[in-house]
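Please keep the structure in view while reading.

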Amino acid sequence: MKNIGFLSFGHWSDTQHSQTRSASDVLLQSIELAVAAELLGVDGAYFRVHHFAKQLASPFPLLAAVGARTSRVEIGTGVIDMRYENPLYMAEDAGSADLISGGRLQLGISRGSPEQVIDGYRYFGYVPAEGSDHADMAREHTAVLLDVLRGEGFAEPSPRPMFANPPGLLRLEPYSAGLRERIWWGAGTRATAEWAAVQGMNLMSSTLLSEDTGVPFHELQAEQIERFRKAWADAGHIREPRVSVSRSIFPIVDDLDYAYFGREGRSQDQVGILDGGKARFGKTYAGEPDALIEQLAQDEAIAAADTLLVTVPNQLGVDYCAHQLDALLTHVAPALGWR
């Protein structure tokens with residue numbers, strides 16, 4: 001069995017064939033897609049976060065709205081760039097969204113990916129400390145977030161508060177118990193996956209790894225997962241960690257599917273340069289259900305993960321994205337033992 005969720009990048013563009021012409025379109029349709037996905041039996045609604053782009057950015061208002069309109073699906077991010085975040089304010093926002101959803105928030109965070117502008121986090125007021133870089137800063141912000149999510153008091157109360165305080169140091173409110181265990185790190189390498197395990201975060205791995213050893217993407221990602229789980233066990237954590245992988249999977253069950261994705265059936269892994277180093281990109285899976293079942297059965301990383309996040313072409317609209325999710329759940333997932 002797999003937890004199967006969708007992952008939306010939340011693109012919009014004022015172009016002829018786009019069903020999302022504005023930020024308002026994307027936000028409202030994201031909520032409607034989550035509602036539709038829950039009715040179909042999908043397990044999660046996840047959203048990507050990008051700054052300075054015509055894509056979803058500030059996630060917590062959307063997550064809270066999805067949480068209020070649904071009752072079962074996990075709601076999450078994949079991922080929030082911690083270089084841009086005030087971890088204390090983030091902890092309050094995340095606690096609020098989690099409480100609204102009844103404890104369904106799965107918060108994916110990371111160092112972040114290349115952005116639309118140079119050092120965009122500087123515009124948000126964040127500068128790496130002397131002798132460190134932006135990746136160090138992201139981890140520092142993460143350490144603060146994880147610490148305050150434990151719910152322990154750390155702030156000295158005022159002797160003359162507006163409202164009466166409980167005894168002792170104060171914690172951030174609203175506090176949502178259990179959220180600390182539902183933080184995921186988006187790891188781009190095997191080493192960062194091991195680091196995430198030591199910190200006690202779940203592993204979120206996408207269709208991009210910022211390293212390459214010459215083996216197929218799914219094998220490299222499976223090794224990443226294996227090393228994460230070993231590091232988790234070595235760290236002595238008590239609970240079982242969760243692992244997600246994301247994939248672009250498009251079952252072709254009618255003529256419209258073929259028109260959109262028929263050519264993607266020849267997709268292969270790609271190797272390129274990212275941030276000055278080699279990176280490996282996973283292929284897109286597109287084809288008739290029988291062909292997809294055969295190909296996906298050989299994906300070692302999907303087999304190793306407990307959660308699969310399927311990217312959706314959000315600019316094609318809610319109905320089409322829901323159609324694609326339904327096709328996956330109906331025609332592909334049962335044959336692979338995911339349902």
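In which sense do strand E1 and strand E13 pair, and over how many bridges? In this predicted model, E1 and E13 (residues 307-312) pair in the parallel sense, over 6 bridges.

**Partners of E1**
- Where E1 pairs with E13, Asn3 stands opposite Thr307.
- Strand E2 (residues 44-47) also pairs with E1 in the parallel sense, over 4 bridges.
- Within E2, Gly44 is the bridge partner of Gly5.
- Between E1 and E2 the chain passes through helix H1 (residues 23-40), forming a β-α-β crossover that is right-handed.

**The open sheet**
- Three strands form an open sheet in the order E7-E11-E10, and their pairing is antiparallel.
- Strand E7 (208-209) and strand E10 (270-274) stand at the edges with a single partner strand each, so one side of each has no neighbour in the sheet.
- E10 and strand E11 (residues 277-281) run antiparallel and are joined by 5 bridges.
- Leu274 has Gly277, in E11, as its bridge partner.

**A general point on strands**
- In a regular strand, side chains alternate between the two faces of the sheet.

How values were computed: Residues numbered from 1 in each chain as written. Predicted model: local features only at pLDDT ≥ 70, side-chain atom pairs only at ≥ 80, totals over all residues. Heavy atoms only, no water. Pairing = 2+ DSSP bridges. Helix = DSSP H or I, 4+ residues; strand = E, 2+ residues; numbered from the N terminus. Right-handed = clockwise from strand over helix to strand, strands pointing away.
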